[in-house]
Amino acid sequence: MPSGPDGPSRGQSVLKNATAPIYSALVAAGFPSPADDHLEGQLDLHQLMVKRPAATFFCRADGDSMTGAGIQNGDLLVVDRSVQPHDGDVVVATLDGGLTVKQMRKTACGWELASANPDEGVQIWGVVTFSVSALAKR
C-alpha cells in the first residue's frame, strides 16, 4: 500500500521513460486475422496511465470482491486523487482504518460504496483510473 497520496512506499517503484513499441494493427479477440506489421510508435505506460503525477499513487487489489468490475486479486491499481468520483466509479477509500477498493453508487439516500457498511466512516482517497492484470503468472 502507498505511504500516502504523495508517493509510493518503500519497495515500490515508478517507471520513468520506459517505453515499448506499439503497433497500429488491432488484435482480434475473437477469430484471428492476419497480422499487420505497421509500427505506430512508442508507448509509455506511465504517460498513458498517469495524467497527474502529483495526485497519483499505485496499490494492489487484495481479494476478489471486485471481479465484477474487472479487478482481480493482485491487480495493480492506478489511483488518481484529483479525479472527482461519479456514480459507478471504482474508488479507493478508507474504511475501518484501512484502505479498500469499492464501487461508488448514488442512491435515493445519498452515496454508498458497494459492499460497504453505511454506518462506518468512509473517506474517498481517489478514483481507480486503470487496473493492470498479470495474465501469465511466471
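Predicted model: local features only at pLDDT ≥ 70, side-chain atom pairs only at ≥ 80, totals over all residues.
Residues are numbered from 1 along each chain as its sequence is written, and side-chain values use heavy atoms, with hydrogens and water left out.

**Cysteines.** I looked up Cys 109, which is exposed, with a relative accessible area of 82%, whereas Cys 59 counts as buried at 3%. I then searched the whole structure for disulfides (a pair of cysteine sulfur atoms within 2.5 Å) and found zero.

**Layout.** I counted one helix and eight strands, taken as DSSP runs (H or I of at least four residues for helices, E of at least two for strands) and numbered from the N terminus. The order from the N terminus is β-β-α-β-β-β-β-β-β. Of the 138 residues, 28% count as buried.

**Aromatic rings.** Which rings pair here, if I require the centres of Phe, Tyr or Trp rings (for Trp the six-membered one) to lie within 6.5 Å, and call planes under 30 degrees apart stacked, over 60 edge-to-face and the rest tilted? I found one aromatic pair: the ring centres of Phe 57 and Trp 125 are 6.0 Å apart and the planes stand at 85°, so I noted the pair as edge-to-face. Phe 57 belongs to strand E3 (residues 56-60) and Trp 125 to strand E8 (residues 122-132), so that the pair links distant parts of the chain, 68 residues apart. Both are buried, Phe 57 at 2% relative accessibility and Trp 125 at 17%. I also noted Arg 81 over the face of Trp 125, at 5.0 Å from the ring centre; the rule asks for NZ of Lys or CZ of Arg within 6 Å of the centre and within 35 degrees of the ring normal.

**Cores.** I took a nonpolar core as a set of buried Ala, Val, Leu, Ile, Met, Phe, Trp, Tyr and Cys residues joined through side-chain atoms within 4.5 Å. The largest has twelve residues, among them Phe 57, Cys 59, Ala 61 and Trp 125. The elements giving two or more residues to this core are E3, strand E4 (76-80), strand E5 (90-95) and E8. Apart from it I found another core, of five residues, including Val 91, Ala 93, Met 104 and Leu 113.

How values were computed: Buried < 20%, exposed > 50% of the residue type's maximum accessible area, 1.4 Å probe, protein only.
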